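Colleague: I have the model open beside me. Can we go through its terms one by one?

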Amino acid sequence: MPAKGGRYHHGDLRSALVDAAVGVIAERGVRGFSLAEASRRLGVTTAAPYRHFADRDELLAAVGVRGLGVFAAMLASAADAGQTPAQRLAAMAGAYVRFAAQQRPLFDTIFNSGLDKSRFPELRRAWEPVDALLTVVLEVCDGEEATADALADAVEASAHGYAMLLIDGEYGQGPDAVDAAAAKAVASAQALIAGRQALRPA
């Protein structure tokens, strides 16, 4: 943690830089993030982060890895509440919206930073638990891959849309707004699941 007077020393600088990055992104958005600002907040020299991260994007990738861990945990928790594959998939759509609301800096880093997964193997690996959870869509579609791919795209697009509407204030502010947006995402997913055959490519 920063010492008295803002100087950082002792402890895990790498982890502290990730924490500082999350704080900067929360205030300025992912586009407004810089290594220099993270360094300033920790009271270290602007050269210090380069002992751990080659550049700004590498630190953002570390934030993304943290974010994907949280995202996967929230999806898994929601899925555990469902008894059938369809219920689990719909519940994960609601969790997607809740993640956007409750973990906005992490959501922005994952979905709005434009990071190239091919450049950061650790980021690609961090997606694997999320992708594994989403294989439930194959169960919903009885193993029909074309239908499953179309349904997965539609559910994700719908959930992301509700998340963005929530962020933009469409449903107001506070816990009730989050509940409303998540409920809409779940209902939309349920409708898409019911009409999944219409989504199948011709």
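**Pocket, helix and core**

Modeller: By class, the lining of the largest pocket has 16 nonpolar, one polar and five charged residues. Keep in mind that this is a predicted model.

Colleague: What makes D131 a lining residue of the largest pocket?

Modeller: A lining residue has an atom within 4 Å of a pocket point. The volume is about 420 Å³.

Colleague: Which helix gives the largest share of that lining?

Modeller: Helix 8, with eight residues.

Colleague: How do you know that the reach of helix 8 is close to the expected one?

Modeller: The expected span is 1.5 Å times one less than the number of residues. Helix 8 has 23 residues, so 33 Å is expected. From first C-alpha to last, helix 8 reaches 32 Å, which is close. Just after helix 8, G169 takes a positive phi of about 90°.

Colleague: What makes F33 stand out in the largest nonpolar core?

Modeller: Of the 66 residues there, F33, L59, L68, L89 and L151 touch the most other members. Helix 3 (residues 56–80) gives the most to this core, with 12 residues. Contact means heavy atoms within 4.5 Å, and therefore F33 has heavy atoms within that distance of L59 and L60, among others.

Definitions and conventions
Residues are numbered from 1 along each chain as its sequence is written. This is a predicted model: local features need pLDDT of at least 70, side-chain atom pairs count only at pLDDT 80 or more; totals for chains, interfaces and linings use all residues. Side-chain values use heavy atoms; hydrogens and water are left out. A nonpolar core is a set of buried Ala, Val, Leu, Ile, Met, Phe, Trp, Tyr and Cys residues joined through side-chain atoms within 4.5 Å. Buried means under 20% relative accessible area, exposed over 50%, partly exposed in between (1.4 Å probe, protein chains only). Helices (H or I, at least four residues) and strands (E, at least two) are DSSP runs, numbered from the N terminus. On a 1 Å grid over the protein atoms alone, a cavity is a set of points where a 1.4 Å probe fits but cannot get out, and a pocket is an open set with protein on both sides within 12 Å along at least five of seven lines; lining residues have an atom within 4 Å of a point. Grid points are joined across faces, edges and corners, and a volume is the space filled by probe spheres set on the points. Ala, Val, Leu, Ile, Met, Phe, Trp, Tyr, Cys and Pro count as nonpolar, Asp, Glu, Lys and Arg as charged, and the others, Gly among them, as polar. Lists of a residue's contacts leave out its neighbours within four places in sequence.
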